[in-house]
Amino acid sequence: MEGSFIIRISRTAALVALTCAWLAGAAVAQEREGSSPAAQAEPKARFMTLPAHYSKNTAAPLTPTVTNWTGSLSSGGTSFTMVGTNPQTTNTTTTVTAYLVPIRLIINPTQGGIFDPGHVLSNGRSVTQNVVASPIFNSGIDYVQGGTDLGNTQYVDAFQRASLWGYVQTNTNYHVLLNVVVLPTVTISVPAASGSIGTEFGVRVGLVDINFFDAKWQSIISANGTITPNSFPIALTYDTYLTSGGCCIGGYHSAFGNASAPQTYAHFTYIDKAGVFSQDVSALSHETGEWMDDPFTNNAGCGGLLEVGDPLEGGPNYGGFPYTLNGFTYNLQDMVLLQYFGQSPSTAVNGWYSFQNANLTVCSNGQ
């Protein structure tokens, strides 16, 4: 990993003392459920964070891990590591190659059991093409939050600039951008023990065990010489939820390989129905934001992990806000800003605690 720096965002606020606890190899789930009694009978909309898996037997790669910097919310406070360079000392753009890998899932050997991101949507683009055209990978939207212009850029970069506004309003060239490269579609056949077909949120979907999927996804990454630790591979599935003790997981992120140069990676699903959990690229916005702010899944925050999407995934429209780009209206999830995890008053843009100015205080909505 790259050099460590301390970023003094506040002189008076101290980061809340936090701990991360998990069982080795077990998934850490962040869930939000509806408050009504009927919600208990409904599928659970959730994302997961898988602990990093490092092996002493894995040879050190020739390339370093993704560019990252280390700081804290206050001098001597709990530290965090994020993708990019230190915004206090640099005024540059970091560009990370994002390898988008469409995953074609065959859950049974019939046409009805094939869930393929090559599916053509009503706008004439395939699911994969619609993802590539989205605000996650393309500029074209000028993000003006509360009257403050954060720039015409990618969605997660605008979010990160909002969080680090105390510095990037001066260091105006500071960005963390994704250069998307689509790799060939990979087909995974899912055995009956690891997958099924069901109806969730009114959508006919594939249901695949997350541990089965993650093992396959890591193998795909490891076997592809194009993917290196300084890149960000993202698995795309279509109309599929992952499962762990029940439905429905919209995506996750993690890291594996050699601890000296971890390979970070993620998965998200694209659900082709407006208004439901993980619609279009909402899960991608969630997982990309969390990868950028907690790439190695070890940053502490609010009694758990510093996961910026989880506190707001249970809001109206699952935290999604509409943005139109390239002729399609995408739903991008609101995420909490860094200061939410332990700084009052907030030094983020406009003194906010979320990108869309949700009514929050420090750790008020959990991790």
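## Cavity and pockets

A cavity is a set of points, on a 1 Å grid over the protein atoms alone, where a 1.4 Å probe fits but cannot get out. Grid points are joined across faces, edges and corners, and a volume is the space filled by probe spheres set on the points. A search of the whole structure, which is a predicted model, finds 1 cavity of 30 Å³ or more. The largest cavity holds about 50 Å³ of space. Its lining (residues with an atom within 4 Å of a point) consists of F47, V276, F277, S278, Q279, S282, N317, Y318, G320 and Q333. These lining residues divide into 4 nonpolar, 6 polar and no charged; Ala, Val, Leu, Ile, Met, Phe, Trp, Tyr, Cys and Pro count as nonpolar, Asp, Glu, Lys and Arg as charged, and the others, Gly among them, as polar.

A pocket is an open set of points with protein on both sides within 12 Å along at least five of seven lines. The largest pocket has a volume of about 260 Å³. Of its 18 lining residues, P61, S222, I227, P229 and Q263 lie nearest the centre. Helix 4 (210-223) and strand 16 (249-257) are the elements that give two or more residues to this lining. The lining of the largest pocket comprises 9 nonpolar, 9 polar and no charged residues.

## Basis of the values

Residues are numbered from 1 along each chain as its sequence is written, and side-chain values use heavy atoms, with hydrogens and water left out. Local features need pLDDT of at least 70 and side-chain atom pairs count only at pLDDT 80 or more, whereas totals for chains, interfaces and linings use all residues.

Helices (H or I, at least four residues) and strands (E, at least two) are DSSP runs, numbered from the N terminus.

Strand 8 pairs with strand 9 (residues 148-153) in the antiparallel sense over 5 bridges, pairing requiring at least two bridges found by DSSP. D142 stands opposite N152 in strand 9. The two strands form a hairpin with 2 residues between them, and G146 in the turn has a positive phi of about 60°.

In helix 5 (residues 282-293), 12 of the 12 residues are buried, so the helix is largely enclosed by the rest of the structure.

N130, found in helix 1 (residues 127-132), is buried with a relative accessible area of 0%. Beyond residues up to four places away in sequence, N130 touches L121, N123, R125, Y270, F328 and Y330, contact meaning heavy atoms within 4.5 Å.

Methods: Buried means under 20% relative accessible area, exposed over 50%, partly exposed in between (1.4 Å probe, protein chains only).
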